Amino acid sequence: MRISVYLISFLLLGWACSPKSIIVKEVKKAELDLKEHAGFALYDLAAKKYLIEYKSDKYFTPASNTKIFTFYSSLQMLGDSATSLKYTQRGDSLIFWGMGDASFLYENTFDNGRTLNFLQQAPGRLFFSANNFQTESLGPGWAWDDYPYSYSAERSSFPLFGNLVSIEKDSSYFAVMPRYFMEHFTIATEPHKYEEIIRELDDNQLTYFPGKSSGTRWQVPYHYSSDLVVDLLSDTLKRVVEEINLALPAEAISLKSVPLDSLYRVMMQDSDNFIAEQLLLQCAAVVSDTLKPEIAIKYAKKNFLADLPDEPNWVDGSGLSRYNLFTPRSIVKLWEKIYVQVPQNRLFSLLAVGGRNGTIKNWYKKETPFIYGKTGTLSNNHSLSGYLITRKGKIFIFSMMNNNYLASTSEVRKRMEKILFTIHEKY
């Protein structure tokens, strides 16, 4: 009888200290301590089974985990290169339509110069049509007062310079790029608490206000209009570009630009919102003659995402919108679909790597990286999902979503880091 009691006690102790119980306890403790809503899913890729699920069927605000959906849809729809523009020749005139290519003269990405050379060297007159751009420049559910910040660049059919104006200060001298915006730049005499550059919501007037130093470089989104695109292109190409309102013909010829991996890498590692939004416009252009994100989302949900455990409430490409809602187990399933399609070496090279690069460069550090994934952060919300390699070499997929906390995001990350280190060591 005594042996049986000892055996039962041993088994109960072993169960209580199992990796699963330890991890679930930590997730619940973080949820309680931080007064947040938390969801977690851990999936064994080889065994094809969930090891842990905690509120994995509940919907959370994903923030930039939305980019995983944009990434997967782009993999399905866009081939290996971005489409820069479509054009047709009519007499001595070249008429072209932008296809939403984010790479054109954007300093954060590779640009092979094909589009610039094509437009500079095209014979005859140049006409630009924005007729195929049928969406708002700012997305649904975006915070309207984010408009002057670089992470909230406007969407457009023909982006230039990442749809940003860069201003650098050297003593009392200011360099404005593109130089077209120099005529829109003024220096105010009245100081602010901190020096800043302000642009009004509906125009491109840029005003520098002196104050306590806040840096030497600013990037401000410019306000999109088709007139501005024509002016910017004319100034950049050093030749006249005229505007025309003409529907995109079915026989228009496509001009390809950069390898898409060069865009995916910046989107997934650095969480570039602008690239994500423009990629979704590119997806829409594949299945219609209109650059409208809703078209791409509807098509992707029907044709590529119908097998997710829970239907995603997906509204934009970047995750800036508060309307996006996904479940942890749907995100895990999506990562599994991506892993099946993309060779591991290529896939892991496109993702943020713990302790090495991207948005988790300063977190999840080990001599041999063990986290490859995508973060998502909005005020009071932080998520991380992707692939976790255990000490024994197993590959797991995980999704950890934290919503509505009032603690610092740094504190949330510390709790997540502890949990993911435990998984790495215990499995």
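**Exercise 1.** Determine how the residues that line the second largest cavity divide by class.

*Solution.* Step 1. The model is a predicted one, in which local features need pLDDT of at least 70 and side-chain atom pairs count only at pLDDT 80 or more, while totals for chains, interfaces and linings use all residues. Residues are numbered from 1 along each chain as its sequence is written, and side-chain values use heavy atoms, with hydrogens and water left out.

Step 1. The second largest cavity is lined by Ser84, Gly98, Met99, Gly100, Asp101, Phe104, Ser157, Phe158 and Pro159. On a 1 Å grid over the protein atoms alone, a cavity is a set of points where a 1.4 Å probe fits but cannot get out, a pocket is an open set with protein on both sides within 12 Å along at least five of seven lines, and lining residues have an atom within 4 Å of a point.

Step 2. Ala, Val, Leu, Ile, Met, Phe, Trp, Tyr, Cys and Pro count as nonpolar, Asp, Glu, Lys and Arg as charged, and the others, Gly among them, as polar.

Step 3. The volume of the second largest cavity is about 30 Å³; a volume is the space filled by probe spheres set on grid points, which are joined across faces, edges and corners.

**Exercise 2.** Describe the largest cavity by its volume and by the elements that line it.

*Solution.* Step 1. Two cavities of 30 Å³ or more are found in a search of the whole structure, and the largest has a volume of about 80 Å³.

Step 1. Its lining comprises 14 residues, and Ala30, Glu36, Met400, Asn402 and Ile419 lie nearest the centre.

Step 2. Two or more lining residues of the largest cavity come from each of helix H2 (19-33), strand E1 (37-44), strand E17 (395-403) and helix H11 (409-426). Helices (H or I, at least four residues) and strands (E, at least two) are DSSP runs, numbered from the N terminus. H11 provides the largest share, four residues.

Step 3. By class, 10 residues of this lining are nonpolar, two polar and two charged.

**Exercise 3.** Which residues does Val27 contact, leaving aside its neighbours within four places in sequence?

*Solution.* Step 1. Val27 belongs to helix H2 and is buried (under 20% relative accessible area, with exposed over 50%, partly exposed in between, for a 1.4 Å probe and protein chains only), at a relative accessible area of 5%.

Step 1. With those neighbours set aside, Val27 is in contact with Ala38, Phe40, Tyr54 and Ile419; contact means heavy atoms within 4.5 Å.

Step 2. For Phe40, the C-alpha to C-alpha distance from Val27 is 7.8 Å, at a separation of 13 residues in sequence.

**Exercise 4.** Characterise the lining of the largest pocket and of the second largest pocket.

*Solution.* Step 1. The largest pocket, of about 420 Å³, is lined by 21 residues, with Tyr151, Asn273, Leu320, Thr377 and Leu378 nearest its centre. Strand E15 (residues 371-378) gives the largest share, five residues. The lining of the largest pocket divides into five nonpolar, 11 polar and five charged residues.

Step 1. The second largest pocket has a volume of about 290 Å³. Its lining includes Tyr147, Trp218 and Arg199. Strand E9 gives the most to this lining, with four residues. By class, seven residues of the lining are nonpolar, two polar and two charged.

**Exercise 5.** At what angle do the axes of helix H3 (residues 66-77) and helix H9 (residues 328-341) cross?

*Solution.* Step 1. The two axes come within 11 Å and cross at roughly 30°. Axes are lines fitted to C-alpha atoms, for helices over the stretch in contact, and angles run from 0 to 180 degrees between N-to-C directions.

Step 1. In H3, the residues that meet H9 include Phe69, Tyr72 and Leu75; in H9, those that meet H3 include Leu334, Trp335 and Ile338. The residues of this contact divide into nine nonpolar, two polar and one charged.

**Exercise 6.** Where does the cis peptide bond from Met177 to Pro178 lie?

*Solution.* The bond is cis, with omega near -5°, and Pro178 is placed in the loop between strand E7 (173-177) and strand E8 (185-187).
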